[in-house]
Amino acid sequence: MNGRHVNIVGGLLLALSLALVSAAALAAGADLGQAEKQPTNWTAIGMFGAFVVGTMFITKWAASKTKSAADFYTAGGGITGFQNGLAIAGDYMSAASFLGISAAVMISGYDGLIYSIGFLVGWPVITFLMAEKLRNLGKFTFADVAAYRFKQTPIRAFAASGTLVVVAFYLIAQMVGAGQLIKLLFGLEYWMAVVIVGALMMVYVLFGGMTATTWVQIIKACLLLAGATFMAFMVLANYGFSPEALFAASVQVKATVATAAGKSPEEAGTLAQAIMGPGSFIKDPVSAISFGMALMFGTAGLPHILMRFFTVPDAKEARKSVFWATTWIGYFYVLTFIIGFGAIVFVSTNPDFLDAKGGLIGGGNMAAIHLANAVGGNVFLGFISAVAFATILAVVAGLTLSGASAVSHDLYATVFKKGNADSASELRVSRITTIALGVVAVVLGIAFEKQNIAFMVSLAFAIAASANFPVLFMSVLWKDCTTRGATIGGFLGLITAVGLTVVSPSVWEVTLGNPKGSALFPYASPALFSMAAGFIGIWLFSILDSSERAKIDRAGYLAQSIRSETGIGAEGASGH
Amino acid sequence: MENSSVAKIAANPKYQRLIKTRSRFGWLLTAIMMIVYYGYIAIIAFDKELLAARMGDGVMTVGIPIGFGVIVFTIIITGIYVRRANSEFDALTAEVIKESLK
């Protein structure tokens with residue numbers, strides 16, 4: 001079994017290196033995509049190649065440890081709190097957040113900070129109310145927790161739908177981002193980048209399961225944190241480690257740009273100082289609160305994040321992992337803020353990084369990449385580009401694993417086989433699903449190349465907050481919650497979130513091309529309303545539920561709460 | 001779990017103290033976190049000038065230390081909970097588990 005794995009891994013590695021070589025040969029052609037293709041960057045490709053080779057060895061090692069379904073889904077429960085914290089932080093620090101937030105800071109300054117804070121504040125709430133209960137009740141997927149005392153089929157069907165919908169939107173966003181980014185960074189064709197991401201991700205998940213996925217994520221998190229730390233250090237070192245001096249220089253640059261654009265000195269001064277305070281990011285209070293809720297509670301409903309709670313041995317390690325995750329993510333956002341200001345000073349007016357129209361070469365998201373070149377030269381540029389690619393790869397692997405486990409564990413083993421599937425056949429189904437998801441992700445990634453997909457990550461968060469989170473929360477904490485209430489309420493939240501997003505400005509006007517102002521739903525995020533739909537649905541249909549099943553559901557609460565509070569009977573660490 | 005042991009644990013005063021103290025502490029910290037974050041968002045939504053006000057002669061505004069403060073606060077409040085839960089609450093949990101086996 002292992003020998004075959006190794007051969008397949010080796011073969012894919014060879015195929016990949018051939019793909020990289022032929023890609024380089026093709027790289028000269030013109031391209032019509034949103035992101036401009038850059039000349040082939042051999043340093044970046046070399047460093048990325050080193051990352052791939054290193055992670056293939058890890059995958060080989062992980063494959064030798066992946067024997068049962070428990071190994072595949074949860075790395076046998078043998079990850080420590082600190083390691084898991086890094087892996088969670090890695091899942092969270094996507095390429096979109098690294099490049100997107102630093103670019104947002106470069107353009108509008110303070111607004112980028114507001115945006116990043118929204119992603120952080122969900123973590124303490126998860127820690128206080130959910131983390132240990134998740135660990136104590138769960139086994140492989142969040143549906144194990146949500147369905148603990150309920151009739152399995154309806155809740156599992158809901159949870160699998162919630163998982164797959166969230167994973168699908170998140171995955172499309174990552175794949176399209178991967179294609180655009182790699183076209184930029186490496187000078188590869190868009191489709192080729194998407195295929196490489198899909199193929200590598202399948203290798204990690206298929207052979208190495210959660211063990212490989214976790215270690216790939218940990219390594220990438222360390223590389224990203226180290227790279228970002230170096231950039232922020234170099235930026236600050238240029239200003240004698242005085243934030244005031246960095247900010248003053250940034251305001252000065254913005255003022256010069258505004259003056260050059262024909263503003264009077266007073267106007268230019270006001271415009272420039274505006275980067276130091278809140279700008280137009282938060283337009284109205286409803287959008288602000290709604291968006292904040294999507295980010296805060298969406299975190300607590302993302303299936304690929306929730307799954308990481310089952311990779312640690314007990315509740316104590318689960319808590320430690322969220323603490324470390326919060327610390328690293330918070331530190332990372334501080335770094336991206338400094339990097340964004342560094343980009344204002346070193347990149348935004350440097351002719352080396354600007355195209356004929358005065359925009360950044362390669363598009364707006366390139367701020368951090370150009371800054372890497374400015375502070376660390378070509379080798380460091382290659383390093384950061386390789387890390388950005390690795391980031392996407394690691395995040396897609398985690399997403400695919402969680403999608404595969406929803407199909408194999410929730411649908412196949414629990415719904416179709418009524419809990420009687422053996423570990424080997426469950427494992428086989430999850431591997432088949434991994435391949436299917438990988439192919440679907442590549443196809444959708446190519447299909448959505450030219451689409452505006454900016455809404456997809458926030459939609460994934462909104463769905464997670466409105467469907468997965470309410471069901472999880474109410475089933476764990478509310479005694480009177482019933483199967484019927486949780487299923488109907490969960491689907492209501494899901495449908496409301498998707499429906500309101502379709503008629504919101506970002507999809508109705510920007511993506512579907514309807515006239516401006518025609519969107520029925522005026523706010524930036526549906527979460528405030530769709531979360532309410534989810535919670536009220538669960539509450540209403542639970543209290544109206546007087547079926548026989550409802551009596552069983554309610555009677556099961558006491559035993560569930562004792563296990564969730566004490567961990568008695570919890571799935572232990574199955575170290576082999 | 002057996003029904004008898006469920007009833008036994010549920011009746012254990014230490015178990016009741018554990019869930020009462022821990023959930024009260026968890027909800028208290030949740031409320032504080034909500035107030036801090038949504039307070040911050042509300043300030044931005046209703047009075048942007050407050051955070052854009054300069055602190056001294058330079059370009060530094062009130063909003064910068066407050067924004068960074070929210071990040072640091074988020075990490076610290078998580079640490080406070082984890083520290084208490086991993087010592088005091090886990091010790092109590094261990095006692096409950098031990099007594100349930102008697």
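Four salt bridges link chain B and chain A in this predicted model. A salt bridge here is a side-chain nitrogen of Lys or Arg within 4 Å of a carboxyl oxygen of Asp or Glu. A:Arg319 pairs in this way with B:Asp90, their closest N and O atoms lying 3.2 Å apart. Helix 4 of chain B gives the largest share of the side that touches chain A, 20 residues. Helices are DSSP runs (H or I, at least four residues), numbered from the N terminus.

That side of chain B divides into 33 nonpolar, twelve polar and four charged residues. Ala, Val, Leu, Ile, Met, Phe, Trp, Tyr, Cys and Pro count as nonpolar, Asp, Glu, Lys and Arg as charged, and the others, Gly among them, as polar.

Now the area. About 4600 Å² is buried between chain B and chain A, and carbon and sulfur atoms give 75% of that. B:Tyr37, B:Val59 and B:Ile71 supply 13% of the area that chain B buries against chain A, more than any other three residues. Buried area is the accessible area (1.4 Å probe) that two parts lose on being put together, summed over both.

A:Ala75 has a positive phi, near 55 degrees, without being glycine. A:Ala75 sits in the loop between helix 3 (69-74) and helix 4 (81-92) of chain A. A:Lys418 also has a positive phi, near 55 degrees. The loop of A:Lys418 runs between helix 17 (367-416) and helix 18 (423-447) of chain A.

Residues are numbered from 1 along each chain as its sequence is written, and chains are lettered from A in the order in which they are written. Local features need pLDDT of at least 70, side-chain atom pairs count only at pLDDT 80 or more, and totals for chains, interfaces and linings use all residues, while side-chain values use heavy atoms, with hydrogens and water left out.

Notes. Helices (H or I, at least four residues) and strands (E, at least two) are DSSP runs, numbered from the N terminus.
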